[in-house]
Amino acid sequence: MGRVRNVLLCTAVWVLSACSQTSSQQPFEREPPSGPPPPSAACTPPAAPSFAEQALPLVTRFCMNCHSGSSPQGNFSLDSYTSESAALANPAMWLRVSLRMQAGEMPPAGLPRPDACTVQGFEAWLTAKVTGDCRVAADPGTVTLHRLNRTEYANSVRALLGLPESYDVASALPDDATGYGFDDVADVLAMAPLLMEKYGDIAEAAVQQVVPVLTPSLTHTEALAATADGTANDVGDGFRMLFSGGDGLFITTKFPADADYVVRTRAYQEPAGPDDAKLGFFEDGDMLGQVTVPALKAAPGTYETRIHVKAGNHTFEVAFINDFYHPDPPVQDRNVAVNWFEFDGPYDPVMPDSYRQLVPCDPIVTGEKACVTQVFERLAALAYRRPVSDDDVGRLVNLVESVIAQGDPFAAAIQIGIEAILQSPNFLFRVESEAPTSDAQNLEDHELATRLSYFLWSAPPDAELRALADAHQLSSSDTALAAQVDRMLADPRSHALVVNFADQWLGTRDLADLSPDPKQFPTFTPQLRAAIQQEMELTFDRVLRQNLPVQALVDPDFLMVDQLLAGHYGLAVEPSNMTDFVSVPTQPHRGGLLRMAGFLALTSNPTRTSPTKRGRYVLDRLLCTPPPAPPPNVPALSDSGAATGSVRTRMEQHRANPVCAACHTRLDPIGFALENYDAIGQWRTDDNGFPLDTTGSMPDGRAFSGPDDMIGLVRDDPHLPRCVAEKLLTYGLGRGVTPPDGCSLDSITQSALASGGSLRDFIKNTVLSRPFRMRRGEDKPQ
Amino acid sequence: MIRRPLSRRTVLRGMGTAIALPLLEAMLPRRARAAQAMRKLRFVFLYVPNGINMADWTPKTAGAGFALSPTLKPLAPFQDRLLVITGLDNKTPEPPGLSGGGHAPASSAFLTGVHPVVTGGSNIGAGTSVDQLIAQTNTTMLPSVELGGEPTGTRGECDINYSCVYTTGIAWRTPTSPLPKEIDPAQLFNRMFAGTRPGETISQRVVRVRDRKSVLDFVADDAARLSAQLGSADKRKLDEFMDSVRAVEIQVTSSNVDNRACGGAAPASTNDYPTRVASLYKLLGLAMQCDVTRVATFMLANEVSNRPYPQVGVTDGHHDTSHHGGDPVKLKKLTAINTWHVQQAAAFLRQLDAAKEGDASVLDNTVVVYGAGLSDGDMHNYEPVALWIAGRGAGALNPGRHLVIDKPVPLANLHVSLLGMAGVKVASFGNATGPLAGI
């Protein structure tokens, strides 16, 4: 029985370490002010609790007086839950019912409440049918077919094709919708014609980069149009004369590939001396080739030489290199006249490394089909992130061969095959094979490798992960899995956790769209915006890299600042001329998330602070105990207008409506404690001349005397570490947490805390958890 | 003619909340049926968030020759083609269970008539939106375009207990497929006016389209094979995929017109909100004018947007201002925001009206619907919806009036009428009880 009560209390009264399965001792528990009395020993939980026996009578008698009929209280009706199947259609709601009951919020004070035994029966039903019993292996859940989001897609395209980080893949894509605060939630990642259209365009552009189709072409330049050096003169008929040694013409041309090119020129000479005139082709003073021009003016000739050029723009000089001049009469003067130049190529290209990786064979040597097969065996396995079947490869080879059969060049056909891969559902979705039964089963090794690498890197598995998966050494071993987490966190790609996980969890991404009133806050420049964003990211990064406890996010012993931010905070920290961010010891009023300008500005309106938003942020994002939605047809609290005084005074005056007060008395005090910080996070000691009152208490009753005190309470709140686990699991799985995940969240939290409680411990235990490593068939029988 | 029947799912989904409308076509006014025969009837849906200061919005008099309200003053040049409707209700029945905030249902129901499923991100759902039902009958290069003034993602606040998907979009391709929106004018321009690529010869284009088509055939086949291995929820995702592949296939093979001349100069990407809105409106006008598409939605800002409007002196956030609590200072600011948006729309109408086709203007052949999902945002009221329609709908509309409906009727009734004008037959639509009388 201990477990039943514990699991509820651990969320309801926000007590975490109480969730041990064997002990009913709850060290952090504060008895709710008007919660139900403790269960009596005489109360025996039913062996097979049912909705009809254990839940419905309680609901009917104690809840439905208010929550039923045409205008139920709080617009919350329980009318439709008349059977177990109807009730289980909405499991999360029952968890909330239980939480409100356990917290002593429902039924409201003054109304009759169920006795302990009745509550116990209800909770036994809840455990049996909704949350699951943690002693029994919990349902690991299932993740819907997951479309790669914008970031994952861009990283996957680059990784597959060997494109550099600088290659822009995804800026043409619309940003993804979010669920549960993250843009990697599978259910929300819909496919749409717009996306398919853009995937096609992106694929088309990307293959041009890596498998260029190189058909030789001509670039023609008239000599008269070229830039001249020295005395190059128009001598009629489109010819330009080079008189002296070193006279040259400059031509700038783009060369599509590292390859040979034929340089051709039409010219004649005015002969003198023993030799014919010669033209040299130079780049940066080095001669790449030369031609001899024996033709005379009456019949100019065309001459060519072959040079090797790297891809890109090049400027060549065509210069007369063997002048001959004899001033004594009869004067002998050798000159050369040039009509035009041509570059013809590329021939015998040296393909880029990316090409050699993608196409490691030569169709002329191995035969076309063998080469195409070799290319797509490798590529399909990488793209689909799993071993491929003969059918997978065979179909791609057929596609490519059909293009070759149409007369297209080999490279063009390879391009089509790659474009098909890049638009295949096997690439665009993270496919996890359906479990044959609805029982929980381990993910296949490659599926686990894929989950892991998109979690930590927002990118597909690398060679080491693939090798482990190929050898089936990933899913079977906790040690191997944990070692991979360490390795992957040491890799620079784990920066994805900062910019994708933390930036969404903590709201840093939203800073880009923040618009504080420029008149009131003229110092909020683009540079400052960038700096406060960096402070949030660098702080998270440091907590992650230095294995600091998760509480260090809220109340660390360091502060990341640069000069601009130090000025914004009014700090005199050394060195004063720093241009980069440095870590310094915490300063008065500074250090940790809740003292950061980023958080403080995010939770403000453009012209003023919003204690409600600050409170909601703390309860929702840091403690995972969000307030319920406001009831309909109730005006939101107006905290400006006719009333005067500090924001706090005005809000309290306006909070006459008891319907609002119920929630706002939980939310607002946290924000009141932070009223020392204005709407862009600068310290203040009054609110527009009105004195500040930063005292108050947390929703569970713990009182605080000011911002530092309140922040200390948040830091020490047992909900904080469990909330970190919840956010990591949500982001890592790409789905919202469900009631059966409660057991896993408890165990992730406990194991992480037991091994030191660092962010790394939380990440590792998330990866080791059941929901991360397993999935069940979709249609789970109840 | 590409005409795809309504998917079975779409119909089934609507069943729970809707009343069947078997007599729909017969109930249509004669001029609406005439309009069906028109070739170039366009529909544009413009959406503004956070409700409206209704006192400054609602015209004081009803019927023809009504006096424009302060907020609607910018529409004066088009009053003869303006139909202001007061008395529509955007409230949709909330499913039992978890309750959510008041904003997400406003934006999600606006074009669907369906209350969104209360969820932070699993089993999201609303209904197929009216624009998409109309778009399914289109043969233009793009069946529809979805525009937005603000990005789709996490930006800004979303509504309590609701995924951001509900407050950042209004168009739903199916009841479970919300559509992403384009917010970058440069990107939109490329989609609309790049039927050919710069420097591409006709034969190169033929090869490109042929290749694209064989790739799409290949991946459709991939999806079919994959589908056989997956469970039902995953299959639904693959259905979405296959549907998208088919849509692009039609688009790629049918967009063989070089319309670059019609598009003119490409606009730049911009982070300046007023510039972006003006730029997107201009492209939208061109899209209608050049017949790139005949259906569009434009969500001017996300629901719950807290953007300030310094261009009209409002430095407070919009959402914050919309919770005015009766404060006259806040109400004045709200009117300034509301009016700014109407001004931008008026410029759009001017563009449509300046474009002539035959003896009418593009505006005459268009139905421009402009509205907010919330009425008074302070209390999250859903009626009366602030809404006007501009254009003559190719003769299907009888504008120049302020239509006042005494007893509120579902907003979805208007959509049933619009579907009738477009010649789209549906068994039911959201919470509609029938077509809207009197338009």
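This is a short tour of a predicted model, stop by stop.

Residues are numbered from 1 along each chain as its sequence is written, and chains are lettered from A in the order in which they are written. Local features need pLDDT of at least 70, side-chain atom pairs count only at pLDDT 80 or more, totals for chains, interfaces and linings use all residues, and side-chain values use heavy atoms, with hydrogens and water left out.

**Stop 1: the cores**

Select Leu456(A), Leu622(A) and Ile763(A). They have the most contacts inside the largest nonpolar core, which has 104 residues. Such a core is a set of buried Ala, Val, Leu, Ile, Met, Phe, Trp, Tyr and Cys residues joined through side-chain atoms within 4.5 Å. Buried means under 20% relative accessible area, exposed over 50%, and partly exposed in between (1.4 Å probe, protein chains only). A second, separate core has 70 residues, including Val210(A) and Phe376(A).

**Stop 2: a disulfide in chain A**

Select Cys624(A) and Cys723(A). They form a disulfide, with sulfur atoms 2.0 Å apart; the cut-off for such a pair is 2.5 Å. The link is right-handed, with 70 degrees about the S-S bond. Cys624(A) lies in the loop between helices H21 and H22 of chain A, and Cys723(A) in helix H25, 99 residues apart. Helices (H or I, at least four residues) and strands (E, at least two) are DSSP runs, numbered from the N terminus. Both Cys624(A) and Cys723(A) are buried.

Now select Cys63(A) and Cys66(A). The sulfur of Cys63(A) is 9.0 Å from the closest cysteine sulfur, in Cys66(A), too far for a bond.

**Stop 3: disulfides in chain B**

Select Cys158(B) and Cys164(B), joined by a disulfide. The torsion about their S-S bond is about 110 degrees, so this disulfide is right-handed.

Next, take Cys262(B) and Cys290(B). Their link is left-handed, at -90 degrees. Cys262(B) is partly exposed, at 35%, whereas Cys290(B) is buried, at 17%.

**Stop 4: strand E1**

Go to Leu46(B), in strand E1 (residues 42-48) of chain B. At 0% relative accessibility, Leu46(B) is buried. Beyond its neighbours within four places in sequence, its contacts (heavy atoms within 4.5 Å) include Phe110(B), Tyr281(B) and Phe348(B).

**Stop 5: helix H14**

Finish at residues 411-422 of chain B, helix H14. Eleven of its twelve residues are buried, so the rest of the structure largely encloses H14(B). Among the buried ones are Leu411(B), His415(B) and Met421(B). Just after the helix, Gly423(B) takes a positive phi of about 75 degrees.

Terms used. The expected span of a helix is 1.5 Å times one less than its number of residues.
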